[in-house]
Amino acid sequence: MELRGIGAIFVRSGLITEEQLADVLAKQGHINRDQSLGDMLVSMGLITERDRVRCLGDQWGVKFVDLADYPLDTDAVKSLAQSIARRYKVVPLARENGKLTLAMKNPLDIFAIDEIRLITGAEIEPVIATEEDVVQALNRAYRSETEVSAVVSDVIRDISSDLVDITEHEKEEEESIEQLRTLSEEAPIIKLANMIISRAISDGASDLHMEPQKSILKVRFRIDGIMHEALDVPKKAQGSLTSRFKIMADMDIAEKRAPQDGRISARVNERDYDFRVSTLPSVYGEKIVMRVLDKGSIHVGLNKLGILPHTLERFENLISRAYGIILVTGPTGSGKSTTLYSILAKLNSGEKNILTLEDPVEYDLEGITQTMVNPKAGLTFASGLRTMLRQDPDIIMVGEIRDQETALIAMEAALTGHLVLSTLHTNDASGAITRLVDMGIEPFLIASALIGVNAQRLLRTICPKCKESYQPPPDAIKRLGMQVDDPDKLTFFRGKGCGHCKGIGYKGRIGIYELMPITDQLRDLILARASSYAVKEAAVEQGMKTLRDDAMEKILLGMTTLEESLRVIYSG
């Protein structure tokens with residue numbers, strides 16, 4: 001068959017096969033005819049967003065630029081105002097001989113090109129880049145660390161001159177609350193709150209912490225799973241800043257002695273974000289933690305999670321089953337939700353009725369009905385799951401199994417012809433069985449309904465800019481339990497630290513996985529109430545790679561470091 005258009009470019013580039021293209025084109029008509037072929041392939045995890053944009057560049061005859069690896073020209077950046085650059089999502093890269101090279105999300109936007117030509121007086125040479133890279137490059141180009149520090153200094157100076165020490169008014173509670181409300185709506189506090197959120201996003205933080213100390217309010221970000229100090233805010237600004245965030249999250253600012261939960265929706269740099277906000281009373285005031293949820297970051301796929309081919313093949317065989325329950329386990333922040341969303345993206349062919357019950361709904365998935373639990377309205381995981389079974393579902397995703405009632409309903413749903421996906425908090429795959437028994441679920445029910453358990457963790461990946469090789473010490477090899485004939489010939493990798501990774505040596509994270517399909521032998525062990533250790537040993541004999549095995553492979557492949565694996569596996 002003769003292939004034309006962008007589909008032919010995807011096939012010629014070796015990204016997909018002709019059969020996959022035909023399959024996706026058929027599904028496109030079922031799910032969303034308005035969604036482009038490239039977006040469809042990305043959402044199904046067959047290609048990456050960079051692959052899509054690179055092929056678009058080929059189709060349009062425009063050069064593709066990877067902005068993550070591209071040094072920015074200060075003089076070129078200064079030639080275009082930030083407001084114009086952000087409006088059109090363009091990044092000036094170089095200016096010479098009267099020509100301005102411009103990285104663009106949409107290089108066919110002639111209105112943007114004409115306006116920038118008039119503003120700069122230069123001929124425009126457009127190149128194409130991903131939208132995410134353009135936004136991050138804009139943040140780097142127009143808001144350097146020194147500029148951020150200057151903003152913080154200015155805001156703190158304004159706060160220091162405008163605010164009074166709130167502690168002087170603690171005896172008059174009502175007056176303090178009213179004063180806090182007024183101060184939290186003043187320009188310096190609003191500017192500081194917005195700057196903290198904006199900086200957390202530009203630094204790639206997954207969580208934002210505001211921690212009251214005796215003399216300051218410390219702001220820290222969790223980046224790639226590790227806490228980093230961001231800035232210190234004067235103590236006198238603590239009350240008004242805390243109140244500002246509580247007002248944004250629709251919380252009661254008068255209540256300081258009890259924990260509260262809320263949610264903030266905001267648009268930052270033309271992207272939609274949600275923040276799950278939690279307050280906790282402490283000795284020196286209320287601590288606030290905000291989980292950052294990027295609403296635009298939903299292009300997930302199993303092949304992009306770092307699952308190695310051996311495990312990926314077993315994973316895809318597992319999720320192709322018509323019924324049964326699959327559990328994803330691991331501690332908080334181990335990427336369980338991302339794995340579940342990746343499975344749903346893979347299964348979302350338009351031929352299945354897929355329902356989810358979450359707390360909260362983290363990302364919107366087109367073509368899937370998503371519901372958020374609301375205990376105040378009587379919508380719990382258990383009651384919501386019962387209702388879903390009356391909605392003619394094929395696949396159900398339950399955010400978390402927390403109690404016996406939810407577990408029982410999920411098991412029964414799996415036994416009555418539904419594929420059920422959910423999460424548990426356990427340390428390894430075999431521990432999920434012990435956890436379910438502890439909840440009061442009978443072993444015969446577990447053995448009949450459970451078809452697979454995946455345990456996982458997240459490891460930081462080595463920064464590609466400063467990656468170097470080295471010979472590992474023998475004692476470290478022994479700690480990992482690696483059986484090596486000649487340790488002297490073993491090569492590991494690490495990051496030296498550079499500007500790209502801010503001197504840390506790591507950039508981004510990748511998953512390690514322990515996938516345990518439930519075989520007949522394992523079912524016999526479950527029915528016999530065998531220990532978690534016995535179940536794990538039997539699974540390993542049948543080909544299961546443990547978390548440690550998966551980590552060792554990724555060390556040898558140069559994806560992560562020995563130290564990072566030891567930190568996560570032996571401390572997590």
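Which strands does helix α8 (residues 131-142) lie across, and at what angle to β1 does it run? I found α8 across β1 and β2, running at about 60° to β1. For "across" I took contact as heavy atoms within 4.5 Å. Angles run from 0 to 180 degrees between N-to-C directions, with axes fitted to C-alpha atoms, for helices over the stretch in contact. Helices (H or I, at least four residues) and strands (E, at least two) are DSSP runs numbered from the N terminus.

Note on the source. The model is predicted, with local features needing pLDDT of at least 70 and side-chain atom pairs pLDDT 80 or more, while totals for chains, interfaces and linings use all residues. Residues are numbered from 1 along each chain as its sequence is written, and side-chain values use heavy atoms, without hydrogens and water.

Next I looked up the sheet. It is open and mixed, in the order β1-β2-β3; strands pair if DSSP finds at least two bridges between them. β1 (90-96) and β3 (123-128) are its edge strands. Neighbouring strands are turned by 25° on average, direction ignored. β1 pairs with β2 (residues 99-104) in the antiparallel sense over six bridges, and Val-91 has Ala-103 as its bridge partner in β2. Helix α7 (residues 110-120) lies across β1, β2 and β3, at about 135° to β3.

Then I turned to α1 (residues 5-12) and α4 (residues 49-60). Their axes are 10 Å apart, at an angle of about 115°. Ile-6, Ile-9 and Phe-10 are among the α1 residues that meet α4, where the partners include Cys-55 and Leu-56.

Last, the whole chain: I noted 23 helices and 18 strands.
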